[in-house]
There are 2 protein chains.
Amino acid sequence: MNAADLPPWSRAEFEHQLRTQGKNYHIHHPFNVRLNSGQCSPAQIRGWVANRFYYQSIIPLKDGAILSNCTDRETRRRWIARILDHDGYDDYQGDAAGGMEAWTQLALAVGLSRDELWSLEHVLPGVRFCCDAYVNFARRAPWQEGICSSLTEMFAPQIHKQRLAGWPEHYPWIEASGLRYFRSRIPLAQRDVDHGLEVTLDHFRDRTQQQRAVDILQFKLDILWSMLDAIEKGNPT
Amino acid sequence: MNAADLPPWSRAEFEHQLRTQGKNYHIHHPFNVRLNSGQCSPAQIRGWVANRFYYQSIIPLKDGAILSNCTDRETRRRWIARILDHDGYDDYQGDAAGGMEAWTQLALAVGLSRDELWSLEHVLPGVRFCCDAYVNFARRAPWQEGICSSLTEMFAPQIHKQRLAGWPEHYPWIEASGLRYFRSRIPLAQRDVDHGLEVTLDHFRDRTQQQRAVDILQFKLDILWSMLDAIEKGNPT
């Protein structure tokens, strides 16, 4: 049966369908399972941190692209907070230093230098292609689809909590202050998900559109998963 | 002689060449001359305000596009202020309500309703094409070129001052508080020009590149000029 012939999901059912996609979140990727259960070497952790930084670095570009496509001032006023959260504002030390700076602190804690991190010298081609695909999607898609693609944040608090709970025990050589990024993202992810879901549940109305939203979310899950494929391959034990 | 064979302009000469383009600024357009010397009818002023609002409305999209192309965090941290200035943040009444809200106050003062303005119903096709060309340029061009295209702001304080000086006398029926947009832009334009010039003078180095910067500025001057051509044609006396 064609999606076009089916009645739309209720709002609650649509949200449930989106959340069900969490089964494909990279929390289940073999590399993440090893990383968060203490089975990664310091070199593998450094490889993950350096590569994942490329993802951090493209987030403001992706969010700028969504802003650039968004003709609704109210949405832009809320969306811009994501760029401020990430790039930071005011000084580079305090609470407003931003996510990229917090990730830099994580990198320092695992033994990378700031220059090494920001030079992107360790970033693998496969990781670049995944991240660039995300930016390109956000540039070309209607802004509501760009917003929908951000909904992998629904699943992020769990992976951050996993890291916060496990890393101090598994990797005592990593200074605890380096984990601030993970802690800071939990409340921000919740706020972002509230907004992203509001836009998505409002915009995708009939079943074909709702299925499209699920497909967009899966595309984004594939990006995160493929990044870990590349990182796993590029950082053997 | 080919530009490639000529020595680069000095920094001061390059800035002078850019500033010289002010001769083509829309301050000299016949419609603007009539507008700022008291020769426009209320209907023409309303036509100008309603159409120029479309330009206001695309500025955050243009600036989002530049952000989205800009891989330099420092530049993004400064550039984002333009979006905040325009869209505003916090409430919709105070100093941070933003340029679009200030323009709305101007529209109310000249006799347009908020709905009429925001519906874009009076926006002429020629005005749309000009503004959309600007956004499309910012989406596709390297971010330094997008930034260079913003340098028509070098000439903006003069046109704002002309409005502030002349309108209260020429158009006493327009409530003076409606002119707040023009007043607010003068210091912001200066700050924006300082940044835009810094990026442009640093980035465009040899003569071919410098000439390209002058051409980009001319493209943007053409956008502003063509908007007034369309507004003039669409709002006869």
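Predicted model: local features only at pLDDT ≥ 70, side-chain atom pairs only at ≥ 80, totals over all residues.
Residues are numbered from 1 along each chain as its sequence is written, and chains are lettered from A in the order in which they are written. Local features need pLDDT of at least 70 and side-chain atom pairs count only at pLDDT 80 or more, while totals for chains, interfaces and linings use all residues; side-chain values use heavy atoms, without hydrogens and water.

**Exercise 1.** Determine which rotation superposes chain A on chain B.

*Solution.* Superpose by least squares on the C-alpha atoms of residues with pLDDT of at least 70 in both copies. In chain A, the C-alpha nearest the axis belongs to A:Gly64, at 2.4 Å.

**Exercise 2.** Classify the aromatic pair of A:Phe137 and A:Phe219.

*Solution.* Rings of Phe, Tyr and Trp (its six-membered ring) pair if their centres lie within 6.5 Å; planes under 30 degrees apart are stacked, over 60 edge-to-face, and the rest tilted. Here the centres are 5.0 Å apart and the planes stand at 50°, so the pair is tilted. A:Phe137 lies in helix H7 and A:Phe219 in helix H11 of chain A, so the pair ties together parts 82 residues apart in sequence. Helices are DSSP runs (H or I, at least four residues), numbered from the N terminus.

**Exercise 3.** Classify the pair of A:Trp167 and A:Phe182.

*Solution.* The centres lie 5.5 Å apart with 80° between the planes, which is edge-to-face. Both residues, A:Trp167 and A:Phe182, are buried (under 20% relative accessible area, 1.4 Å probe, protein chains only).

Terms used: Helix = DSSP H or I, 4+ residues; strand = E, 2+ residues; numbered from the N terminus. Buried < 20%, exposed > 50% of the residue type's maximum accessible area, 1.4 Å probe, protein only.
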